[in-house]
Each structure stands twice: as structure tokens, then as C-alpha cells.
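Trainee: I am new to this structure and would like to learn how to read its strands. Please start with the general idea.

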Amino acid sequence: QVLDLEYLGTLKIGSLSIPVSIADDPEERELGLSGTTFLPKNSGKLFIFNTPGKYGFWMKDMNYPLDIIWLDGNLKILGITANALPSSYPNVFYPPNEVQYALEVNAGFSTTHQLKQNQLMTFSGNLSF
């Protein structure tokens, strides 16, 4: 299955732009990137939660490792789970604090682009935050 990426927006941090597809309902959040064969380089999937919480993520039916970037309601990086492996299933990964958003990107992305806690992202697209 090739990822049906409908890019609905772009997250920006510094000069870096990350086109994102959106998971903003329970079915899409549960499915996430499961069953996909790859995630295009420098793109991501943005999970949007209606209320802040400590949402758990697992690597069920994943075919490649991910970095999970945990974001608060202002799109500030609260923490990064690096290199979550498909073989880690059924382990569940949780954010360090309550989050409103989570961004899944290819493993190594956070290190390559030197993403760090407390950095602020901005969103542009056709969603109203």
C-alpha cells in the first residue's frame, strides 16, 4: 500500500518546511501510517487531538521506523521519541507531558534537522487551529 498522502498543510521550523497529511478523527488517528510501505522524505503525518492528553502511540503494522515529535497546543516541541521501531510493537510510546499534536516523521529526521525540545513550529494550510 502506498501512502495516500493528501498534504493538507505545512509545518515550518526555521527554514525547514514539512508537508503533512492530517489524522484528526479517531479512525485516522488509530490507522496512522500503519500498513504503508514508506513515508516520503521530509514529509510527515500530523495527529490532531481535540483536547490535550497523554496519548499513546504504537508501531502496529508498521514497515519502517519513525520519530514521533510531541507538540503542545502552541506547536512547541515537548519531546521527541526517536527511532520507534516496528519490532517494538506492542510497546506503547507516550509523550513526556500532555500534547495536542503529534508529528510522525521518518526515523533520523529529528537528528538530521537538529530538532530540540522547546523549539516552536508554525502551521500553514487549510486547517483552522
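Mentor: Two strands count as paired if DSSP finds at least two bridges between them. Keep in mind that this model is predicted.

Trainee: How many bridges join strand β3 to β8?

Mentor: Five, and the two strands run antiparallel. Strand β3 covers residues 44–53, and β8 covers residues 99–106.

Trainee: In what order do the strands form the open sheet?

Mentor: The seven strands follow the order β6-β5-β8-β3-β2-β1-β9, with mixed pairing. At the edges are β6 (77–84) and β9 (122–125), each of which pairs on one side only. From one strand to the next, the twist averages 30°.

Trainee: Is Q100 buried or exposed?

Mentor: Buried means under 20% relative accessible area. Q100 has 17%, so this residue is buried. Q100 lies in strand β8, and its side chain reaches the backbone oxygen of F49 at 2.9 Å. Leaving out residues up to four places away in sequence, Q100 touches several others, including F47, F49, T51, L71 and G73.

Trainee: Which residues touch the most other members of the largest nonpolar core?

Mentor: They are L11, I18, V20, L46, L71, L103 and M121, in a core of 19 residues. The elements giving two or more residues to this core are β1 (9–13), β2 (16–23), β3, β5 (66–71) and β8. The largest share, four residues, comes from β2. A second, separate core has 17 residues, among them L33, M59, W70 and L78.

How values were computed
Residues are numbered from 1 along each chain as its sequence is written. This is a predicted model: local features need pLDDT of at least 70, side-chain atom pairs count only at pLDDT 80 or more; totals for chains, interfaces and linings use all residues. Side-chain values use heavy atoms; hydrogens and water are left out. Buried means under 20% relative accessible area, exposed over 50%, partly exposed in between (1.4 Å probe, protein chains only). A polar contact is a pair of N or O atoms within 3.5 Å; within protein, one must be able to donate a hydrogen and the other to accept it, and residues adjacent in sequence count only if both atoms are side-chain atoms. Contact means heavy atoms within 4.5 Å. Axes are lines fitted to C-alpha atoms, for helices over the stretch in contact, and angles run from 0 to 180 degrees between N-to-C directions. A nonpolar core is a set of buried Ala, Val, Leu, Ile, Met, Phe, Trp, Tyr and Cys residues joined through side-chain atoms within 4.5 Å.
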